[in-house]
Amino acid sequence: MRKSAKLANTEASERRSALNIRVADLVQVTAYHPDRRTVDVKPLVQREIAGAYVSPPPILSVKVAAIPYKITVDVTVDGKTGTGTGTAEPDIKAGDMGVVIYLDLDSDHAIMAGEESPPNSSRIHSGDDAIFVGVVTPG
């Protein structure tokens, strides 16, 4: 059964709108800044613009989402055995492949304050509000 012209038109219109919304990107890390816990990344999937595929621009100073892992290990120091605890730090390096998500709204105030805040601007799904959510293993 064929789609009605109205339905096909509606679906095409929705697709055009969706193409302008950035949700997430597969990226390659070009630099990791552990002191600021940010990464610079290059999107890996090209975008189609006017019938040609082009490389998207890099995204700089992307906050790294970190899941704090508390690690407990048995250690021996000077012949004495005990238990040590620590926190795992992200092991991110240039060349790693990962994913960034684009937050719906300007999140600068909320990230700075660590609490509910109004958006600082009207931007939506912007690279300025990207979060690096982790490394993806190729293959």
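Asp106 counts as buried, at 5% relative accessibility (buried means under 20% relative accessible area, exposed over 50%, partly exposed in between, with a 1.4 Å probe and protein chains only). The model is predicted: local features need pLDDT of at least 70, side-chain atom pairs count only at pLDDT 80 or more, and totals for chains, interfaces and linings use all residues. Residues are numbered from 1 along each chain as its sequence is written, and side-chain values use heavy atoms, with hydrogens and water left out.

Asp106 forms a salt bridge with Arg123, with 3.1 Å between the closest N and O atoms (a salt bridge is a side-chain nitrogen of Lys or Arg within 4 Å of a carboxyl oxygen of Asp or Glu). Arg123 lies in the loop between H2 and E9 and Asp106 in the loop between E8 and H2, so the pair ties together parts that are 17 residues apart in sequence. Helices (H or I, at least four residues) and strands (E, at least two) are DSSP runs, numbered from the N terminus. Arg123 is partly exposed, at 22% relative accessible area. Its side chain also meets that of Asp129 in a salt bridge (2.7 Å, N to O). Asp129 is buried, at 1% relative accessibility. A network of salt bridges links Asp106, Asp108, Arg123 and Asp129.

The structure holds six salt bridges. One of them joins the side chains of Arg47 and Asp25 (2.9 Å, N to O). Arg47 lies in strand E3 (residues 47-49) and Asp25 in strand E1 (residues 24-33), so this pair ties together parts that are 22 residues apart in sequence. Arg47 is partly exposed, at 28% relative accessibility. Asp25 is buried, with a relative accessible area of 10%.

Five strands form a closed barrel in the order E1-E2-E5-E9-E8, with mixed pairing. Two strands pair if DSSP finds at least two bridges between them. Strands E8 (residues 97-102) and E9 (residues 130-135) pair in the antiparallel sense over five bridges. Ile101 has Ile131 in E9 as its bridge partner.

Strands E6 (residues 70-77) and E7 (residues 80-87) run antiparallel and are joined by eight bridges. Ile71 has Gly86 in E7 as its bridge partner. Two residues lie between the strands of this hairpin, where Asp78 takes a positive phi near 50°.

Ser126 sits in the loop between helix H2 (108-113) and E9. Ser126 is buried, at 14% relative accessible area. Not counting residues up to four places away in sequence, Ser126 touches Tyr102 and Leu103 (contact means heavy atoms within 4.5 Å).
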